[in-house]
Amino acid sequence: METPGSQSSLHRANLERVVRAVRLAGSLTQAEIARTTGLSAATVSNIVRELKDSGTVEVTPTSAGGRRARSVSLSGDAGIVIGVDFGHTHLRVAVGNLAHQVLAEEAEPLDVDASSAQGFDRAEQLVTRLLAATGVDRSKIAGVGLGVPGPIDVESGTLGSTAILPGWGGTRPAEEMRGRLGVPVHVDNDANLGALGELVWGSGRGVRDLAYIKVASGVGAGLVINGKIYRGPGGTAGEIGHITLDEAGPVCRCGNRGCLETFAAARYVLPLLQPSHGPDLTMEGVVRLARDGDPGCRRVIADVGRHIGSGVANLCNLLNPSRVVLGGDLAEAGELVLAPIRESVGRYAIPSAARRLSVLPGALGGRAEVLGALALALSEMGDSTLLDGTATASLSTAAPAFT
(Lines give C-alpha, C1' and ligand atoms only; values in the text may rest on other atoms or scores of the structure.)
Protein backbone atom coordinates (compact mmCIF):
# COMPACT_ATOMS: atom_id res chain seq x y z
CA MET A 1 0.00 0.00 0.00
CA GLU A 2 1.28 3.44 -0.95
CA THR A 3 1.65 5.97 1.85
CA PRO A 4 0.40 9.48 0.98
CA GLY A 5 3.39 11.75 0.46
CA SER A 6 5.80 8.86 -0.07
CA GLN A 7 8.07 8.64 -3.10
CA SER A 8 5.94 5.85 -4.56
CA SER A 9 2.70 7.83 -4.25
CA LEU A 10 4.30 10.95 -5.72
CA HIS A 11 5.68 8.92 -8.57
CA ARG A 12 2.27 7.38 -9.18
CA ALA A 13 0.75 10.87 -9.29
CA ASN A 14 3.35 12.00 -11.82
CA LEU A 15 2.69 8.94 -13.97
CA GLU A 16 -1.00 9.79 -14.01
CA ARG A 17 -0.29 13.44 -14.84
CA VAL A 18 1.73 12.45 -17.89
CA VAL A 19 -0.79 9.82 -19.03
CA ARG A 20 -3.65 12.29 -18.60
CA ALA A 21 -1.89 14.98 -20.63
CA VAL A 22 -1.17 12.57 -23.48
CA ARG A 23 -4.66 11.03 -23.33
CA LEU A 24 -6.39 14.41 -23.66
CA ALA A 25 -4.10 15.74 -26.38
CA GLY A 26 -3.70 12.55 -28.41
CA SER A 27 0.04 13.08 -28.81
CA LEU A 28 2.58 15.47 -27.34
CA THR A 29 6.31 15.97 -27.54
CA GLN A 30 8.20 15.55 -24.29
CA ALA A 31 8.72 19.32 -24.14
CA GLU A 32 4.96 19.83 -24.50
CA ILE A 33 4.32 17.29 -21.75
CA ALA A 34 6.65 19.22 -19.46
CA ARG A 35 4.85 22.50 -20.20
CA THR A 36 1.42 20.93 -19.78
CA THR A 37 2.12 19.08 -16.54
CA GLY A 38 4.62 21.45 -14.92
CA LEU A 39 7.07 18.58 -14.47
CA SER A 40 10.76 19.01 -15.20
CA ALA A 41 12.20 17.81 -18.50
CA ALA A 42 14.28 15.16 -16.67
CA THR A 43 11.21 13.84 -14.82
CA VAL A 44 9.21 13.67 -18.05
CA SER A 45 12.03 11.86 -19.81
CA ASN A 46 12.23 9.24 -17.05
CA ILE A 47 8.46 8.74 -16.91
CA VAL A 48 8.10 8.46 -20.69
CA ARG A 49 10.87 5.85 -20.74
CA GLU A 50 9.08 3.90 -18.01
CA LEU A 51 5.70 4.12 -19.72
CA LYS A 52 7.25 3.04 -23.02
CA ASP A 53 8.93 0.02 -21.42
CA SER A 54 5.60 -1.01 -19.86
CA GLY A 55 3.75 -0.72 -23.18
CA THR A 56 1.52 2.13 -22.04
CA VAL A 57 2.80 4.71 -24.55
CA GLU A 58 4.43 4.72 -27.96
CA VAL A 59 7.26 7.10 -28.86
CA THR A 60 7.94 8.13 -32.46
CA PRO A 61 10.46 10.58 -33.96
CA THR A 62 9.03 13.94 -35.05
CA SER A 63 10.08 17.56 -35.31
CA ALA A 64 9.04 20.69 -33.43
CA GLY A 65 10.12 24.17 -34.47
CA GLY A 66 12.56 22.68 -36.96
CA ARG A 67 14.29 20.59 -34.28
CA ARG A 68 14.16 16.85 -33.75
CA ALA A 69 11.75 15.72 -31.07
CA ARG A 70 9.90 12.64 -29.85
CA SER A 71 6.12 12.40 -30.06
CA VAL A 72 4.44 10.49 -27.24
CA SER A 73 1.00 8.88 -27.63
CA LEU A 74 -0.89 6.17 -25.81
CA SER A 75 -0.37 2.67 -27.13
CA GLY A 76 -2.73 1.80 -29.97
CA ASP A 77 -3.80 -1.40 -28.22
CA ALA A 78 -4.28 0.16 -24.76
CA GLY A 79 -8.03 0.35 -25.33
CA ILE A 80 -10.73 1.95 -27.44
CA VAL A 81 -13.51 4.48 -27.02
CA ILE A 82 -16.80 4.71 -28.88
CA GLY A 83 -18.73 7.79 -29.96
CA VAL A 84 -22.47 7.69 -30.67
CA ASP A 85 -24.31 10.68 -32.15
CA PHE A 86 -28.11 10.75 -32.43
CA GLY A 87 -29.27 13.49 -34.80
CA HIS A 88 -32.52 14.70 -36.26
CA THR A 89 -32.42 12.21 -39.13
CA HIS A 90 -29.29 10.17 -38.55
CA LEU A 91 -27.30 7.92 -36.27
CA ARG A 92 -23.51 8.08 -36.47
CA VAL A 93 -21.06 5.85 -34.59
CA ALA A 94 -17.26 5.99 -34.48
CA VAL A 95 -14.66 3.72 -32.87
CA GLY A 96 -11.34 5.27 -31.89
CA ASN A 97 -8.25 4.26 -29.96
CA LEU A 98 -6.62 6.13 -27.10
CA ALA A 99 -4.10 7.71 -29.47
CA HIS A 100 -6.97 9.75 -30.98
CA GLN A 101 -7.11 7.67 -34.16
CA VAL A 102 -10.52 6.85 -35.65
CA LEU A 103 -10.53 3.16 -36.50
CA ALA A 104 -14.01 2.94 -38.02
CA GLU A 105 -16.99 5.20 -38.55
CA GLU A 106 -20.42 4.80 -40.09
CA ALA A 107 -23.68 6.74 -40.34
CA GLU A 108 -27.16 5.61 -41.26
CA PRO A 109 -30.59 7.25 -41.47
CA LEU A 110 -32.66 7.35 -38.29
CA ASP A 111 -36.42 7.84 -38.31
CA VAL A 112 -37.01 10.81 -36.04
CA ASP A 113 -40.34 9.35 -34.98
CA ALA A 114 -38.82 6.04 -33.92
CA SER A 115 -39.05 5.17 -30.24
CA SER A 116 -36.02 5.68 -28.06
CA ALA A 117 -35.75 1.90 -27.51
CA GLN A 118 -35.49 1.35 -31.26
CA GLY A 119 -32.87 4.07 -31.52
CA PHE A 120 -30.73 2.58 -28.78
CA ASP A 121 -31.11 -0.89 -30.31
CA ARG A 122 -29.92 0.48 -33.65
CA ALA A 123 -26.95 2.11 -31.95
CA GLU A 124 -25.97 -1.16 -30.27
CA GLN A 125 -26.20 -2.99 -33.59
CA LEU A 126 -24.02 -0.40 -35.31
CA VAL A 127 -21.44 -0.53 -32.51
CA THR A 128 -21.36 -4.34 -32.78
CA ARG A 129 -20.89 -4.12 -36.55
CA LEU A 130 -18.02 -1.65 -36.31
CA LEU A 131 -16.26 -3.66 -33.61
CA ALA A 132 -16.47 -6.72 -35.83
CA ALA A 133 -15.13 -4.75 -38.79
CA THR A 134 -12.12 -3.55 -36.80
CA GLY A 135 -11.54 -6.89 -35.06
CA VAL A 136 -11.63 -5.26 -31.62
CA ASP A 137 -13.01 -7.17 -28.64
CA ARG A 138 -15.65 -5.53 -26.42
CA SER A 139 -13.38 -6.03 -23.42
CA LYS A 140 -11.15 -3.28 -24.87
CA ILE A 141 -13.88 -0.61 -24.60
CA ALA A 142 -12.78 1.99 -22.05
CA GLY A 143 -15.87 4.16 -22.39
CA VAL A 144 -18.61 5.51 -24.63
CA GLY A 145 -19.53 9.12 -25.41
CA LEU A 146 -23.15 9.67 -26.41
CA GLY A 147 -24.70 12.77 -28.01
CA VAL A 148 -28.40 13.63 -28.18
CA PRO A 149 -30.15 16.73 -29.59
CA GLY A 150 -31.66 17.97 -26.36
CA PRO A 151 -30.81 19.21 -22.87
CA ILE A 152 -29.46 16.67 -20.38
CA ASP A 153 -30.14 17.17 -16.68
CA VAL A 154 -26.71 17.17 -15.05
CA GLU A 155 -27.80 15.42 -11.85
CA SER A 156 -30.25 12.79 -13.12
CA GLY A 157 -28.93 12.24 -16.66
CA THR A 158 -32.47 12.60 -17.98
CA LEU A 159 -33.13 13.96 -21.45
CA GLY A 160 -35.38 17.00 -21.28
CA SER A 161 -38.32 17.72 -23.53
CA THR A 162 -37.22 18.12 -27.13
CA ALA A 163 -39.16 18.77 -30.30
CA ILE A 164 -36.40 17.12 -32.35
CA LEU A 165 -36.76 13.69 -30.74
CA PRO A 166 -40.27 14.04 -29.26
CA GLY A 167 -40.59 10.44 -28.11
CA TRP A 168 -37.37 10.53 -26.11
CA GLY A 169 -38.22 13.05 -23.39
CA GLY A 170 -37.67 11.66 -19.89
CA THR A 171 -35.33 8.87 -21.00
CA ARG A 172 -31.88 8.34 -19.51
CA PRO A 173 -29.65 7.80 -22.56
CA ALA A 174 -26.48 6.92 -20.66
CA GLU A 175 -28.31 4.32 -18.58
CA GLU A 176 -29.96 2.86 -21.68
CA MET A 177 -26.68 2.40 -23.55
CA ARG A 178 -24.84 1.20 -20.47
CA GLY A 179 -27.39 -1.58 -20.10
CA ARG A 180 -26.80 -2.66 -23.69
CA LEU A 181 -23.01 -2.38 -23.86
CA GLY A 182 -22.02 -3.03 -20.24
CA VAL A 183 -19.42 -0.23 -20.16
CA PRO A 184 -19.31 3.34 -18.78
CA VAL A 185 -21.36 5.75 -20.92
CA HIS A 186 -21.14 9.55 -20.73
CA VAL A 187 -23.86 11.68 -22.34
CA ASP A 188 -24.12 15.30 -23.45
CA ASN A 189 -26.15 17.35 -25.90
CA ASP A 190 -25.03 17.57 -29.51
CA ALA A 191 -23.97 21.23 -29.42
CA ASN A 192 -21.62 20.61 -26.50
CA LEU A 193 -20.11 17.63 -28.29
CA GLY A 194 -19.73 19.64 -31.48
CA ALA A 195 -17.81 22.23 -29.46
CA LEU A 196 -15.64 19.52 -27.93
CA GLY A 197 -14.96 17.93 -31.32
CA GLU A 198 -13.91 21.23 -32.88
CA LEU A 199 -11.86 22.09 -29.79
CA VAL A 200 -9.85 18.86 -29.95
CA TRP A 201 -9.66 18.19 -33.69
CA GLY A 202 -11.06 21.13 -35.64
CA SER A 203 -11.39 24.90 -35.88
CA GLY A 204 -11.17 25.38 -32.11
CA ARG A 205 -7.69 23.98 -31.67
CA GLY A 206 -5.36 26.24 -29.75
CA VAL A 207 -8.02 28.38 -28.04
CA ARG A 208 -9.39 28.22 -24.50
CA ASP A 209 -12.66 30.11 -24.91
CA LEU A 210 -15.04 29.50 -27.79
CA ALA A 211 -18.65 29.05 -28.76
CA TYR A 212 -19.78 26.40 -31.24
CA ILE A 213 -23.04 27.43 -32.91
CA LYS A 214 -25.01 24.59 -34.47
CA VAL A 215 -27.83 25.54 -36.82
CA ALA A 216 -30.04 22.67 -37.92
CA SER A 217 -33.64 21.87 -36.97
CA GLY A 218 -32.92 24.02 -33.91
CA VAL A 219 -30.21 26.46 -32.91
CA GLY A 220 -27.88 25.66 -30.01
CA ALA A 221 -24.46 26.59 -28.74
CA GLY A 222 -21.72 24.64 -27.03
CA LEU A 223 -19.69 26.90 -24.76
CA VAL A 224 -16.05 26.32 -23.88
CA ILE A 225 -14.69 28.42 -21.02
CA ASN A 226 -11.05 28.08 -20.00
CA GLY A 227 -10.73 24.89 -22.04
CA LYS A 228 -13.77 23.14 -20.55
CA ILE A 229 -17.37 22.70 -21.64
CA TYR A 230 -19.65 24.92 -19.61
CA ARG A 231 -23.02 23.26 -18.99
CA GLY A 232 -24.49 25.32 -16.17
CA PRO A 233 -25.96 23.88 -12.97
CA GLY A 234 -28.96 22.40 -14.77
CA GLY A 235 -27.22 21.42 -18.00
CA THR A 236 -29.04 23.98 -20.16
CA ALA A 237 -26.27 26.52 -20.81
CA GLY A 238 -25.89 27.47 -24.46
CA GLU A 239 -29.54 27.73 -25.50
CA ILE A 240 -28.68 30.63 -27.78
CA GLY A 241 -31.61 29.74 -30.03
CA HIS A 242 -33.97 31.18 -27.44
CA ILE A 243 -32.48 34.64 -27.20
CA THR A 244 -35.34 37.02 -28.01
CA LEU A 245 -34.81 39.08 -31.17
CA ASP A 246 -38.38 40.33 -31.68
CA GLU A 247 -41.03 40.30 -28.95
CA ALA A 248 -43.73 40.48 -31.63
CA GLY A 249 -42.12 37.77 -33.78
CA PRO A 250 -43.26 34.21 -34.53
CA VAL A 251 -44.19 31.92 -31.65
CA CYS A 252 -41.29 29.60 -30.86
CA ARG A 253 -41.61 25.97 -29.76
CA CYS A 254 -40.43 27.12 -26.32
CA GLY A 255 -43.57 29.28 -25.99
CA ASN A 256 -41.90 32.66 -26.38
CA ARG A 257 -42.06 34.96 -29.39
CA GLY A 258 -39.31 36.02 -31.74
CA CYS A 259 -36.53 33.69 -30.55
CA LEU A 260 -33.39 33.50 -32.69
CA GLU A 261 -34.45 29.98 -33.63
CA THR A 262 -37.59 31.30 -35.34
CA PHE A 263 -35.37 33.34 -37.69
CA ALA A 264 -32.55 30.86 -38.28
CA ALA A 265 -33.58 27.20 -37.79
CA ALA A 266 -34.39 25.06 -40.81
CA ARG A 267 -38.03 24.52 -39.81
CA TYR A 268 -38.65 28.28 -40.06
CA VAL A 269 -36.30 29.15 -42.93
CA LEU A 270 -37.25 26.49 -45.48
CA PRO A 271 -40.93 27.55 -45.77
CA LEU A 272 -39.72 30.93 -47.02
CA LEU A 273 -38.22 29.30 -50.11
CA GLN A 274 -40.41 26.26 -50.70
CA PRO A 275 -43.10 28.14 -52.69
CA SER A 276 -40.48 29.03 -55.31
CA HIS A 277 -38.13 26.05 -54.92
CA GLY A 278 -40.44 23.15 -54.15
CA PRO A 279 -41.52 21.27 -51.01
CA ASP A 280 -38.51 18.94 -50.93
CA LEU A 281 -35.99 21.71 -50.35
CA THR A 282 -33.47 21.09 -47.54
CA MET A 283 -30.93 23.35 -45.86
CA GLU A 284 -28.22 21.44 -47.66
CA GLY A 285 -29.99 22.25 -50.91
CA VAL A 286 -30.38 25.91 -49.96
CA VAL A 287 -26.64 26.17 -49.31
CA ARG A 288 -25.80 24.43 -52.57
CA LEU A 289 -28.11 26.71 -54.58
CA ALA A 290 -26.76 29.79 -52.82
CA ARG A 291 -23.19 28.86 -53.69
CA ASP A 292 -24.32 28.41 -57.30
CA GLY A 293 -25.68 31.96 -57.31
CA ASP A 294 -29.42 31.54 -56.61
CA PRO A 295 -30.52 35.03 -55.48
CA GLY A 296 -33.37 33.90 -53.20
CA CYS A 297 -31.22 31.39 -51.35
CA ARG A 298 -28.37 33.86 -51.03
CA ARG A 299 -30.71 36.47 -49.56
CA VAL A 300 -32.17 34.03 -47.03
CA ILE A 301 -28.74 32.82 -45.95
CA ALA A 302 -27.52 36.40 -45.53
CA ASP A 303 -30.58 37.21 -43.40
CA VAL A 304 -29.99 34.11 -41.28
CA GLY A 305 -26.35 35.13 -40.84
CA ARG A 306 -27.31 38.58 -39.61
CA HIS A 307 -29.76 37.09 -37.10
CA ILE A 308 -27.16 34.60 -35.85
CA GLY A 309 -24.71 37.48 -35.58
CA SER A 310 -27.09 39.28 -33.22
CA GLY A 311 -27.06 36.24 -30.94
CA VAL A 312 -23.28 35.95 -31.22
CA ALA A 313 -22.96 39.63 -30.28
CA ASN A 314 -24.86 38.90 -27.07
CA LEU A 315 -22.44 36.06 -26.36
CA CYS A 316 -19.51 38.40 -26.97
CA ASN A 317 -20.86 40.95 -24.54
CA LEU A 318 -21.50 38.33 -21.85
CA LEU A 319 -18.65 35.83 -22.21
CA ASN A 320 -16.08 37.49 -24.50
CA PRO A 321 -15.01 34.29 -26.35
CA SER A 322 -11.99 34.45 -28.63
CA ARG A 323 -13.56 32.30 -31.33
CA VAL A 324 -16.98 31.33 -32.67
CA VAL A 325 -17.22 28.19 -34.79
CA LEU A 326 -20.29 27.69 -36.98
CA GLY A 327 -21.43 24.10 -37.47
CA GLY A 328 -24.28 22.28 -39.21
CA ASP A 329 -25.21 22.43 -42.90
CA LEU A 330 -25.20 26.22 -42.85
CA ALA A 331 -21.44 26.32 -42.27
CA GLU A 332 -20.94 25.00 -45.82
CA ALA A 333 -22.16 28.38 -47.11
CA GLY A 334 -18.80 29.86 -46.08
CA GLU A 335 -18.53 33.64 -46.42
CA LEU A 336 -22.13 33.89 -47.62
CA VAL A 337 -23.17 33.36 -44.00
CA LEU A 338 -19.97 34.22 -42.10
CA ALA A 339 -19.68 37.76 -43.46
CA PRO A 340 -23.22 38.74 -42.29
CA ILE A 341 -22.47 37.19 -38.88
CA ARG A 342 -19.36 39.34 -38.56
CA GLU A 343 -21.31 42.39 -39.74
CA SER A 344 -23.87 41.99 -36.94
CA VAL A 345 -21.17 41.29 -34.36
CA GLY A 346 -19.39 44.47 -35.38
CA ARG A 347 -22.63 46.41 -35.08
CA TYR A 348 -24.00 45.06 -31.78
CA ALA A 349 -21.06 43.75 -29.76
CA ILE A 350 -18.81 45.80 -27.51
CA PRO A 351 -15.96 46.94 -29.80
CA SER A 352 -13.20 45.49 -27.63
CA ALA A 353 -14.93 42.07 -27.63
CA ALA A 354 -15.66 42.17 -31.35
CA ARG A 355 -12.06 43.00 -32.23
CA ARG A 356 -10.75 39.93 -30.44
CA LEU A 357 -13.32 37.54 -31.95
CA SER A 358 -12.71 35.31 -34.95
CA VAL A 359 -15.69 33.65 -36.67
CA LEU A 360 -14.84 30.45 -38.54
CA PRO A 361 -16.69 27.56 -40.17
CA GLY A 362 -16.38 24.20 -38.48
CA ALA A 363 -13.61 22.00 -39.89
CA LEU A 364 -15.33 18.70 -39.12
CA GLY A 365 -18.68 19.11 -40.82
CA GLY A 366 -21.24 16.48 -39.87
CA ARG A 367 -18.58 14.54 -37.95
CA ALA A 368 -18.11 17.19 -35.24
CA GLU A 369 -20.60 15.66 -32.81
CA VAL A 370 -19.45 12.05 -33.08
CA LEU A 371 -15.80 13.08 -32.77
CA GLY A 372 -16.83 15.17 -29.78
CA ALA A 373 -18.43 12.05 -28.32
CA LEU A 374 -15.08 10.26 -28.69
CA ALA A 375 -13.38 13.19 -26.99
CA LEU A 376 -15.94 13.07 -24.17
CA ALA A 377 -15.23 9.39 -23.57
CA LEU A 378 -11.49 10.07 -23.62
CA SER A 379 -11.80 12.96 -21.17
CA GLU A 380 -13.97 11.04 -18.69
CA MET A 381 -11.99 7.81 -18.46
CA GLY A 382 -9.62 7.36 -15.55
CA ASP A 383 -5.88 7.04 -15.86
CA SER A 384 -5.44 4.41 -13.17
CA THR A 385 -6.80 1.67 -15.43
CA LEU A 386 -4.09 2.44 -17.98
CA LEU A 387 -1.40 2.08 -15.34
CA ASP A 388 -2.63 -0.81 -13.22
CA GLY A 389 -0.71 -3.93 -14.02
CA THR A 390 1.65 -2.18 -16.45
CA ALA A 391 3.50 0.98 -15.48
CA THR A 392 2.88 0.47 -11.78
CA ALA A 393 4.81 -2.78 -11.90
CA SER A 394 8.01 -0.78 -12.15
CA LEU A 395 7.31 1.65 -9.34
CA SER A 396 9.91 0.12 -7.05
CA THR A 397 12.70 0.49 -9.62
CA ALA A 398 11.78 3.88 -11.09
CA ALA A 399 14.28 6.68 -10.92
CA PRO A 400 13.49 8.99 -7.97
CA ALA A 401 12.96 12.14 -10.05
CA PHE A 402 10.10 14.29 -8.72
CA THR A 403 9.06 17.93 -8.89
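A residue is called buried when its relative accessible area is under 20%, exposed when it is over 50%, and partly exposed in between, with a 1.4 Å probe and protein chains only as cover. This is a predicted model, in which local features need pLDDT of at least 70 and side-chain atom pairs count only at pLDDT 80 or more, while totals for chains, interfaces and linings use all residues. Residues are numbered from 1 along each chain as its sequence is written, and side-chain values use heavy atoms, with hydrogens and water left out.

**Exercise 1. Describe the chain as a whole.**

Step 1. Helices (DSSP H or I, at least four residues) and strands (E, at least two) are DSSP runs numbered from the N terminus. The chain has 14 helices and 13 strands.

Step 2. The radius of gyration, taken over C-alpha atoms, is compared with the globule rule of 2.2 Å times the number of residues to the power 0.38. The chain has a value of 23 Å, close to the 22 Å that the rule gives for 403 residues, so it is as compact as a globular protein of that length.

Step 3. The C-alpha trace spans about 75 × 50 × 40 Å along its principal axes, and 51% of the 403 residues count as buried.

Step 4. A contact means heavy atoms within 4.5 Å. Of the contacts in the chain with a separation of 6 or more, 62% are between residues 24 or more positions apart.

**Exercise 2. Determine which residues of helix α8 are buried and how they are arranged.**

Step 1. Helix α8 covers residues 266–277, and its buried residues are A266, V269, L270 and L273.

Step 2. These residues cover an arc of only 90° around the axis, which puts them on the same side of α8; the arc is that of the directions from the helix axis to the C-beta atoms. An α-helix has 3.6 residues a turn, so residues three or four places apart point the same way.

Step 3. The cover over the buried residues of α8 includes α7 (261–264), α9 (283–291) and α10 (295–319). On the face turned away from the buried side, α8 carries the exposed residues L272 and P275.

Step 4. After α8 comes G278, with a positive phi near 100°.

**Exercise 3. Repeat the analysis for helix α5.**

Step 1. In α5 (residues 173–181), the buried residues are P173, A174, M177, R180 and L181.

Step 2. Seen down the axis, the buried residues of α5 fall within an arc of 130°, so they line one face of the helix.

Step 3. Elements that cover them include α4 (116–134), β7 (141–148) and β8 (185–189). G182, which follows α5, has a positive phi near 70°.

**Exercise 4. Where does I80 lie, and is it buried or exposed?**

Step 1. I80 belongs to strand β4 (residues 80–86), and its relative accessible area of 3% makes it buried.

Step 2. The C-alpha atom of I80 is 4.9 Å from that of I141, although 61 residues separate the two along the chain.

Step 3. Leaving aside residues up to four places away in sequence, I80 touches residues including V95, L98, L131 and I141.
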